[in-house]
Amino acid sequence: MVKFSKELEAQLIPEWKDAFVNYWQLKKHVKKVKQSRNPKQAPDPNPDFGRSIFDPIRSLVGRSAGRAAANPDIINKVTRKLTATVEEDGEEEHVYETELVQLFSEEDEVVEFFEMLDDELNKVNKFYKNKETEFMERGELLNKQLLILLDLKRVLVDRRRKRSGAGARYMSPDRSSDFSEWQSESGDTSPASESQSEDVIAALEKNGISFVNSATRGKTKGGKPRMAMRIDIPATTPTRTIAAVTSMLWEDLVNNPKKAPAEYVNRKKIQYAEKMIRGAFVELYRGLGLLKTYSTLNMVAFTKILKKFDKVSKSHVSPSYLRVVKSSHFISSDKVVRVMDEVESLFTKHFANSDRKKAMKFLSPHYNNQDSHFVTFFVGLFTGSFVTLFSVYAILAYVSGLFLSANGNEAAYMETVYPIFSMFALLSLHLFMYGCNLFAWKATRINYNFIFEFQPKTALKYRDAFLICTCLMTYVVGSMVAHLILLCIGFSPHQVDFIPGILLLSSMILLVCPLNIFYRSTRFCFLKVIRNIVFSPLYKVVMVDFFMADQLTSQIPFFRHMESAACYFIAGSFKMHDYETCKSGKLYREFAYIISFAPYYWRAMQCARRWFDEGNVDHLANLGKYASAMVAAGARLTYEREKSSHLCMAIVLVTSVMATVYQLYWDFVKDWGLFHPKSRNPWLRDDLILKSKWLYYASIVLNFVLRILWVETLLRFKVGMFDSRLIEFLLASLEVIRRGHWNFYRLENEHLNNVGKFRAVKTVPLPFRETDSDG
């Protein structure tokens with residue numbers, strides 16, 4: 001049977017952990033009460049005289065005294081009182097206090113226990129009231145938004161009916177009947193005709209709702225700016241972003257709001273607004289469910305701890321105290337349950353065509369958290385296959401003398417095969433590190449699904465990531481073995497060099513395959529994120545976008561290998577084995593700069609977009625970090641081609657040092673949240689998830705060492721082609737490992753920020769908002 005403390009730890013909402021009853025601290029106080037009520041026996045004053053015939057009598061007297069001390073008539077006199085209301089922010093706050101009488105009033109440990117119990121009860125009540133009020137306000141606002149949405153949709157239906165004679169092209173008959181029912185419930189019983197549409201428009205206008213941009217509105221009779229209702233669709237796509245920027249620039253250039261282009265309400269905007277409101281309802285329902293869980297777990301915690309106290313003190317205090325707990329607001333209030341029922345009803349009617357089963361799939365999706373034994377089996381199978389195939393490859397390479405300079409085949413093999421296979425090896429290593437991240441985040445209860453806004457039903461688990469990694473590496477090494485075997489038995493290189501090309505092509509086809517196989521939802525999510533990154537800053541930046549963009553900055557060797565492989569196959573070098581075609585080409589050499597700059601450029605553009613959206617100057621400072629990294633990368637690439645230039649060496653040294661210092665500061669202070677001089681954990685932060693502090697200090701040192709590996713570009717080791725490529729691959733692998741190590745602490749800091757602000761439910765922007773005539 002699982003202890004309740006572990007069960008509570010597993011089920012509580014991580015972001016609200018500090019708001020839960022401190023069950024573990026209360027348990028410690030119960031132990032203190034137990035120790036105080038069972039004092040150690042005094043040493044026998046006459047130890048040398050052995051047992052006495054009076055010992056049974058003394059024992060009987062002692063037990064009688066103990067029973068008298070634990071008399072329930074005395075101990076159970078514990079009362080509760082509600083103190084005078086306290087004014088806080090204009091609202092009354094009820095605070096409970098326990099009164100102890102007679103025996104209990106003389107025991108400091110018991111008094112301390114009940115004082116702490118009262119504090120915990122008041123804390124839970126206060127937090128519950130605050131969250132309940134927050135969700136009630138969200139619910140009221142959403143209800144208003146839904147009413148506006150229904151009005152506007154009705155107007156659009158009537159307009160389409162007027163133009164085409166039927167509204168079936170826009171809405172199904174069932175959906176139209178829903179809106180008719182709502183209209184009749186709200187008191188609008190005018191006939192479905194042009195006059196009805198005009199009545200609805202007039203009602204909306206009367207309440208300050210406009211069908212055009214607020215800047216085109218006039219003034220009221222009193223001379224005040226007339227209020228208008230705008231449909232705010234977030235600029236999350238290139239089209240919306242360009243339209244928003246164009247409108248803003250137009251207004252600034254002409255300096256005349258009245259000349260701004262009209263923003264008419266149309267079907268597309270209504271669809272966007274409906275999607276936003278639907279998402280807000282889902283988040284509201286989720287938040288209410290979390291609050292309901294919060295209430296239940298805290299009630300069980302109070303019950304368990306009071307029973308433990310009764311057992312230790314040999315009393316029956318829990319019934320009287322629990323009566324007060326049950327009458328407290330977080331238990332007695334039924335607002336959450338009622339609002340959940342209302343949300344279910346509204347969502348079913350207006351967003352699920354009155355299909356409750358369909359509605360609950362959105363509101364409360366069920367998914368299996370258990371790791372599949374099927375996945376575990378194949379992880380082990382492909383791991384064993386990978387190890388076996390790699391051993392076979394190593395033996396064949398050694399026997400054939402492939403990497404011996406005297407053989408003459410080393411250059412051909414390294415130019416044709418190495419870029420493809422090293423590219424997949426780096427990708428597999430990154431997947432492996434991501435699997436390790438998922439495992440570590442789950443073990444430390446970091447809510448990565450909420451932070452990344454992943455759907456729990458389709459999000460990858462750590463064993464899924466390991467399965468993808470082992471499958472990919474088994475496929476890659478198997479192709480390497482097949483390629484090497486064909487070379488060893490006498491096939492010419494131009495006859496077998498199609499194998500790396502097939503490997504690359506088949507992997508790309510699988511990535512974009514529309515069939516529901518091999519983690520389609522994850523593949524499509526990945527492609528969507530890559531699209532958002534490449535077209536930065538046109539897309540609105542969310543956490544998963546800039547987190548993935550940071551991963552790409554650690555995969556520049558991957559992109560360089562991709563460039564080499566693409567040139568090798570597109571230029572036809574695999575037929576003629578003319579390896580200098582790409583290396584000496586001007587376009588190829590210049591494109592290498594673009595490849596090295598692109599990940600930093602994308603990340604810088606994301607910072608610019610976030611500054612534009614949020615107005616936080618820190619994003620501009622972060623942009624400067626990536627700009628300095630671009631300069632350092634360009635300097636190192638130039639130095640690789642002009643190795644005799646001392647000026648280039650000096651530029652590389654200066655730019656790399658500046659970029660590294662910038663990056664280290666941002667890693668430790670901004671991304672990891674460390675280096676707080678006044679922290680209770682020296683030079684770390686107040687809140688740490690890992691119990692061992694030395695792990696944080698070791699991580700700081702490790703990140704520092706891996707950040708300065710660029711020094712190798714200045715050392716110029718004189719080695720052969722194979723050895724140089726091996727060093728290059730090793731350094732690229734260490735950078736991927738550094739990024740995986742960085743990922744854990746980056747998300748830990750993000751999680752603690754959410755915890756500090758009790759953010760367990762994301763805030764969804766709503767489409768309709770009131771603005772004055774200035775916008």
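Predicted model: local features only at pLDDT ≥ 70, side-chain atom pairs only at ≥ 80, totals over all residues.
Q: How many disulfides does a search of the whole structure find?
A: The search finds zero. A disulfide here is a pair of cysteine sulfur atoms within 2.5 Å.

Q: How do you know that Cys471 is in no disulfide?
A: Look at the cysteine sulfur nearest to that of Cys471, which belongs to Cys469 and is 9.3 Å away.

Q: Is Cys471 buried or exposed, and why?
A: Buried means under 20% relative accessible area, exposed means over 50%, and partly exposed is in between (1.4 Å probe, protein chains only). Cys471 has 16% relative accessibility, so it counts as buried. Cys648, at 12%, is buried too.

Q: How much of the protein chain counts as buried?
A: Of its 775 residues, 43% do. The chain exposes about 42,100 Å², with carbon and sulfur atoms supplying 61% of that area; accessible areas come from the Shrake-Rupley method with a 1.4 Å probe, and for residues only the protein chains shown count as cover.

Q: What makes a stretch of the chain a helix or a strand, and how many are there?
A: Both are DSSP runs, numbered from the N terminus: helices are H or I with at least four residues, strands are E with at least two. The protein chain has 31 helices and six strands.

Q: Why is the pair of Glu112 and Lys32 called a salt bridge?
A: The name applies when a side-chain nitrogen of Lys or Arg is within 4 Å of a carboxyl oxygen of Asp or Glu. For Glu112 and Lys32 the closest N and O atoms are 3.6 Å apart, so the pair qualifies. The two partners sit in distant parts of the chain, 80 residues apart: Glu112 in helix α5 (residues 108-164) and Lys32 in helix α2 (residues 23-37). Glu112 has 33% relative accessibility, so it counts as partly exposed, and Lys32, at 36%, is partly exposed as well.

Q: How many salt bridges does this rule give?
A: The count comes to 21. Among the residues involved, Asp667, Arg707, Glu735 and Arg738 are linked in a network.

Q: What makes Glu563 and Arg560 a salt bridge, and where do they lie?
A: Their side chains meet at 4.0 Å, N to O. Both lie in helix α23 (residues 556-570), three residues apart, about one turn of the helix. Glu563 is buried, at 7%, whereas Arg560 is partly exposed, at 27%.

Q: How close do Arg685 and Glu748 come?
A: The closest N and O atoms of this salt bridge are 2.9 Å apart. Arg685 is in the loop between α28 (646-671) and α29 (694-707), and Glu748 is in helix α31 (residues 721-756), so the bridge links distant parts of the chain, 63 residues apart. Both residues are buried.

Q: Which residues is Glu283 in contact with?
A: Contact means heavy atoms within 4.5 Å. Leaving aside neighbours within four places in sequence, Glu283 is in contact with Val761, Lys762 and Val764. Its side chain reaches the backbone nitrogen of Lys762 at 3.5 Å.

Q: Is Leu306 buried or exposed, and what does it touch?
A: Leu306, in helix α9, has a relative accessible area of 0%, so it is buried. Not counting residues up to four places away, it touches Leu117, Ser318, Tyr321 and Leu322.

Q: Is Lys314 buried or exposed?
A: Its relative accessibility is 54%, so Lys314 counts as exposed. Lys314 lies in the loop between α9 and α10 (318-327).

How values were computed. Residues numbered from 1 in each chain as written. Heavy atoms only, no water. Polar contact = N/O pair within 3.5 Å; in protein donor to acceptor, adjacent residues only side chain to side chain.
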